[in-house]
Every structure is written in C-alpha cells, then in structure tokens.
Amino acid sequence: MRKMVQPNNRPLPSPFSVQCRKGALVFLRKNRTRFAGQAYLETLIVILVLLVCLFGILQAALSLGGRDILHHAAARAARAKSVGFNDWMAEKAARVAAIPVSGKLLAAEVGWTTDAGDVAAFEAARIPAYLAAENGARAEHILDYEEWRAGTIHYNRNTSLLGNGVLEYSVRHYAPLQMPLARIIFPWAALDADGIPRVDVEESANAGEHASLYLEGSRP
C-alpha cells in the first residue's frame, strides 16, 4: 500500500496522531468566533421564518373566522328585512351580529374593567336597547364599537326564476391585521390613516322577500 507523502518526501502524519489532533485544536480555537457567529445567524433566520409562518397561520385563521361572522351578519340583516323590518332595523341587526369582529367597545361605563365577563354582561344588557333605538344618534349613545365605522352594509332586490323577490345583503369590513409580521403573508393589506394594515373582507347572504304574505298593508 502506497503511503501519502509531503513534497519533501516525508510521510504525512496519521490523522489520529498527537500532532494532527493538536493542529485541529489550534484551527478550531482560531475560527471559533466565526463558526459561532455563523451558527447564531442561521438560527436567527430559522426562528424568523418559523415566526412568520406561525403568525401567518394565526392571522389566516382569524380572517376565516371573521368571514363566517360577516356572513352571519349579512344573513341576519337579510332575515330582518325579509320579514318586514325597515332598513334601519336590518342595519342594526347586522351590526349586532358582527360584534365579535367589531373591536373594542366604546363606552365609558366599562372603562373601569377589562374582565371579559363584565363586558359581555354589559353588552347583553345594552343590545335590546340598541335594537329598539329609533335613530343613529340614540343607538350610538347606547352601544358603539371602534370597528363599526370601518365597514359598510348594503343590499339589492333581485327576482328569482319563479318571480319571487330575493334580498341580497352584503357586509363589508376593512379588517385590521392583528398578528405581528402578518403583513409579510398579506402584502396586499393597505394602511389606514393610523398606519394599521387592513384587508378588505366582504360576505353576502340571500333571503326571500316574503313579508307581504303575512303583514297587512305590505302588498304592492
């Protein structure tokens, strides 16, 4: 078997020799800082990618849940209008149904507490009075949320193939991104006047217009 030799015809030391082990230790000591810095950088990149993925998944889950709530709000508005209530009542029904995505409750009466149970009890007591309010000023004094102004509610009257009236309500909300780093996953989010990134979410629901079947004086 042919031995490896150096240029001066001297054989190379064995990799298990004391001389090689000492050389390896010297090399590692000299380059320890460089290797450690590279490891820290790689670890930081991996953690950042994992955080972006985690917050993106959480924000996507919140967005999907928000869509379901907006669809429910549109269905409540269409239902209210289909049984004979006026446009104002349908709008109030949609707003109440959208409370879970409406942000912070704007009321001085709950400023003293952050307990979710106390806030829920306050809401439950105020919702019937809000639905009974005759105008917007009175309703806003009873119950108001910071996100109620960040959306729109509108409807169209259509006709089915059988000639029956069909109401289509749409609820649109410019939903804020609640998770940090979520804008990396949602690059189309637009900044509002306060610098908060928001995405446009809209859901619709239909209901048959059948109030004329049982309400006196509602036939055309």
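This is a predicted model: local features need pLDDT of at least 70, side-chain atom pairs count only at pLDDT 80 or more; totals for chains, interfaces and linings use all residues.
Me: Why is Glu 203 called buried?

Reply: Buried means under 20% relative accessible area. Glu 203 has 19% relative accessibility, so Glu 203 counts as buried.

Me: What makes the contact of Glu 203 with Arg 67 a salt bridge?

Reply: The cut-off is a side-chain nitrogen of Lys or Arg within 4 Å of a carboxyl oxygen of Asp or Glu. In this pair the closest N and O atoms are 2.9 Å apart, so Glu 203 and Arg 67 form a salt bridge.

Me: Which parts does the pair of Glu 203 and Arg 67 tie together?

Reply: Glu 203 belongs to strand 4 and Arg 67 to helix 1, so their bridge ties together parts that are 136 residues apart in sequence.

Me: Why is Arg 67 called partly exposed?

Reply: Partly exposed is the range between buried, under 20%, and exposed, over 50%. Arg 67 has a relative accessible area of 33%, so Arg 67 is partly exposed.

Me: How do you know that Asp 87 and Lys 81 form a salt bridge?

Reply: Their side chains meet at 2.6 Å, N to O. The limit is 4 Å, so the pair of Asp 87 and Lys 81 qualifies.

Me: Are Lys 81 and Asp 87 buried or partly exposed?

Reply: Lys 81 has 12% relative accessibility, which is under 20%, so Lys 81 counts as buried. Asp 87, at 38%, counts as partly exposed.

Me: What makes Arg 198 and Asp 192 a salt bridge?

Reply: The closest N and O atoms of Arg 198 and Asp 192 are 2.9 Å apart, and the limit is 4 Å, so this pair is a salt bridge. Arg 198 is buried at 17%, while Asp 192 is partly exposed at 24%.

Me: How many salt bridges does the structure hold?

Reply: There are nine salt bridges.

Me: Now the pockets. Which element gives the largest share of the lining of the largest pocket?

Reply: Helix 1 does, with seven residues. The whole lining has 19 residues, and among those nearest the centre are Leu 62, Val 101 and His 173. This pocket has a volume of about 300 Å³.

Me: What makes Leu 62 and Val 101 nonpolar lining residues, and how does the lining divide by class?

Reply: Leu and Val both count as nonpolar, so Leu 62 and Val 101 belong to that class. The lining of the largest pocket has eight nonpolar, eight polar and three charged residues.

How values were computed
Residues are numbered from 1 along each chain as its sequence is written. Side-chain values use heavy atoms; hydrogens and water are left out. On a 1 Å grid over the protein atoms alone, a cavity is a set of points where a 1.4 Å probe fits but cannot get out, and a pocket is an open set with protein on both sides within 12 Å along at least five of seven lines; lining residues have an atom within 4 Å of a point. Grid points are joined across faces, edges and corners, and a volume is the space filled by probe spheres set on the points. Helices (H or I, at least four residues) and strands (E, at least two) are DSSP runs, numbered from the N terminus. Buried means under 20% relative accessible area, exposed over 50%, partly exposed in between (1.4 Å probe, protein chains only).
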